[in-house]
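Hi everyone, thanks for coming. Let me put the model up on the screen, and then we'll walk through a few spots together.

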Amino acid sequence: MTRIVIIGGGPGGYEAALVAAQLGAQVTVVEEEGPGGACVLTDCVPSKTLIASSVRKQALLDASTLGVRFDGGLDHDAGGVSVDMIDVNKRVKELALAQSNDIAARLAAEGVEVIRARGRLVDPQVVRAGDRTVRADVVIVATGAHPRVLPGAEPDGERILSWRQLYDLEELPEHLIVVGSGVTGAEFAGAYRSLGSEVTLVSSRDRMMPNEDADGAEVLEEVYRRRGMNVMGRSRAASVKRTEHGVVVTLEDGRTAEGSHCLMTVGMVPNTSGLGLEDNGVRLDRNGFIEVDKVSRTSAPGVYAAGDCTGVLMLASVAAMQGRIAVWHALGEAVQPIRLATVAANIFTDPEIAAVGVSQRQIEAGEIEANVVKLPLATNARAKMQGFNDGFVKLFCRPNTGIVLGGVVVAPRASELILALSVAVQHRLTVDQLAHTFAVYPSLSGSVTEAARRLMSPLTAGGI
């Protein structure tokens, strides 16, 4: 029986463990924080739970546009809706723990041993787990990453915070300054603004989320400004200091921004130091990420890696797939190398931004030839009914064959709507095939089939 030891119990680790156990391997997971790892306990699951509360409150605030109003007894300044951060954060923590417990139960049911300890590589076939030594035929490293700390802005857990420290706050920040306007910064900035905090978003670039679809980022920034957020572009933070009653953020150009709290979202650092990796032939890049090939192999024989510690699209879904691929390859199963062009990603803002396949940037740079159609959500009948005015569906296809190359959806629950485009990209479907697929009327997904009809020919094939 093949013995597999996995260092790290996040999505890359526990998904690998489940596949390995189902294929008959003897599996041990070494995880210090608990099943699910940081993704479940402190990062992805908690943040999306918090965001769910903020989206629900924003919907209540917007309800008056649909003729629904609240009378008496509630906080008038918050639009008639109040927020109890103790209850919000209590739910966040309880849900994260429940998800971790569910994963633990699933691992136990499959016969996977879980060791609650810090693991390190002693040899390519030996893992030290706390005071135990475990031998392995295959080792998978899935140790994740942690928030990067900016010198001069070290989190103190009270006023200067990393996103892992937010859930200990007992009150809503009066004025939250978010440093960093990437995906994480944009998500938290929008969430706390909807919850009722005054928010200043400090961005070092011309616009929010510079690495994402420009049209989507523009829509979101417009929404944020309309909701009262102060978005500071071209403003790189130099330091963050505590004051008597809050914080002051000093920018490189000498300007300052004052608030009650500061949230640092300036990137991730891989959890690869002190694991004995390089001593055992596992090559790291200059930033400390583990170098892997498309089937998750490292440079050390018998050692694989998956997830954020590899720096390959730092998404839970990618981590999970890397872990599965590692097991399939190690156990000699048929395996398809990971295809990053088919990865769907979502930004859990309000509205959400989901994308799959090629990007608008690649098309505009001439790297890929494609036909493009973009339909505003405001023309969709269901969107009108629900009061959704911001967003769009954008679809890309090959000019001659009509094969779907990718797309972007900016809408409420875009994370659900993107699946149709993901299936199309994965299976090389054409816009004709999408266009001839029935969509419910009225529905937001109707804009996907309408976009496909627009790409079938110069003429509009029907309406929504």
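Let's begin with Arg-413, in the loop between strand E23 (404–411) and helix H10 (414–426); helices (H or I, at least four residues) and strands (E, at least two) are DSSP runs, numbered from the N terminus. A quick word on what you're seeing: this is a predicted model, where local features need pLDDT of at least 70, side-chain atom pairs count only at pLDDT 80 or more, and totals for chains, interfaces and linings use all residues. Residues are numbered from 1 along each chain as its sequence is written, and side-chain values use heavy atoms, leaving out hydrogens and water.

Back to Arg-413: its phi is near 55 degrees, a positive value in a residue other than glycine. Is Arg-413 buried or exposed? Exposed, with a relative accessible area of 59%; the cut-offs are under 20% for buried, over 50% for exposed and partly exposed in between, using a 1.4 Å probe and protein chains only.

Now take Ser-296, in the loop between strand E17 (268–270) and strand E18 (303–305). Phi is positive here too, near 75 degrees, but Ser-296 is buried, at 2% relative accessible area.

Next, two prolines. The peptide bond from Asp-350 to Pro-351 is cis, with omega near 5 degrees, and Pro-351 is in the loop between strand E19 (344–347) and strand E20 (352–357). Tyr-441 and Pro-442 are also joined by a cis peptide bond, with omega about -5 degrees. You'll find Pro-442 in the loop between helix H11 (431–435) and helix H12 (446–456).
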